[in-house]
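Subject: Structure handover

Hi,

Here is the structure I promised to pass on. Please open it first, then read my notes below.

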Amino acid sequence: MQLRNLILMILFVAGSGVWAEIFSEGAHCVAYKVQKTVFFLSDRIVIGKNCDISAQVLPEVGGLYHIEVNVPVRSFRSGEAERDKDVMVILKSDERPELTFRSKALTAEEWRRLFAKDQFDLEGELIIGKNSFPLKMVTRYSEKSENAEVNGMVQVRFADFGIKPPKVAGGFIAKSKPDLELHFRLQSQRVLGADSIRPIVIQK
């Protein structure tokens with residue numbers, strides 16, 4: 001576990017290239033990334049992106065705020081329609097049409113202290129179907145002139161969410177490896193209520 005976290009930190013510190021291969025500049029999206037073995041001979045990267053997401057900062061009792069991101073399962077696009085249909089089944093869209101990430105609740109000042117760091121762990125829960133699962137993502141916050149951007153990623157296993165890797169033809173033609181990456185990129189101007197926890201920037 002420690003070695004895996006170290007590798008993730010090295011990749012993160014290497015810069016925005018970790019996400020550049022997935023998201024375009026200014027994107028407001030989430031994505032999954034997984035390796036797929038084809039005919040047992042080679043590995044191919046499969047990326048499914050979803051930019052139909054909604055995000056908001058919600059207040060709680062006691063001056064706390066949490067971030068909530070809702071992701072319509074039907075909107076993942078991987079370049080292969082049949083695979084996208086399989087993803088809908090795997091992510092239990094029949095039980096719940098959206099995935100929801102709900103962060104741990106913090107005060108506005110605690111959020112601002114996190115955003116001041118080079119990187120931090122964004123903790124919360126991911127709701128799939130009727131179940132919720134703990135999730136911790138390595139995250140980076142960057143402030144721009146009129147906008148702030150938050151990027152994050154985590155490596156997980158399908159089993160962490162109680163689901164099985166997708167297979168084609170019973171797994172004889174193609175079989176996904178058990179590990180996958182989850183990525184997100186959020187733009188503050190598209191996050192409802194973001195100003196309630198965004199650091200105050202004094203323009204010079």
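A salt bridge here is a side-chain nitrogen of Lys or Arg within 4 Å of a carboxyl oxygen of Asp or Glu. Side chains of opposite charge can pair when their charged atoms come close.

Two points on the source. This is a predicted model, in which local features need pLDDT of at least 70 and side-chain atom pairs count only at pLDDT 80 or more, while totals for chains, interfaces and linings use all residues. Residues are numbered from 1 along each chain as its sequence is written, and side-chain values use heavy atoms, with hydrogens and water left out.

The overall picture

The protein chain has four helices and 12 strands. These are DSSP runs, numbered from the N terminus: helices are H or I with at least four residues, strands are E with at least two. Of the 204 residues, 44% are buried. Buried means under 20% relative accessible area, exposed means over 50%, and partly exposed lies in between (1.4 Å probe, protein chains only). Take contacts (heavy atoms within 4.5 Å) between residues at least 6 apart in sequence: 61% join residues at least 24 apart.

Helix H3

H3 covers residues 81-90, and Arg83, Asp84, Val87 and Ile90 are buried there. Seen down the helix axis, these buried residues fall within an arc of 115°, so they line one face of H3. The arc is taken from the directions from the helix axis to the C-beta atoms. The face turned away from the buried side carries exposed Ala81, Glu82 and Val89. Just after H3, lysine 92 has a positive phi of about 55°.

Salt bridges

There are seven in the structure. One of them joins glutamate 80 to arginine 83, with the closest N and O atoms 3.4 Å apart. Glutamate 80 is partly exposed, at 33% relative accessible area. Arginine 83 is buried, at 13%.

Glutamate 125 pairs with arginine 102, with the closest N and O atoms 3.2 Å apart. This pair links distant parts of the chain: glutamate 125 is in strand E7 (residues 120-128) and arginine 102 in strand E5 (residues 98-103), 23 residues apart. Glutamate 125 is partly exposed at 25%. Arginine 102 is partly exposed at 27%. Glu68, Arg102 and Glu125 form a network of salt bridges.

Arginine 113 pairs with glutamate 109, with the closest N and O atoms 4.0 Å apart. Both lie in helix H4 (residues 108-115), four residues apart, about one turn of the helix.

Best wishes
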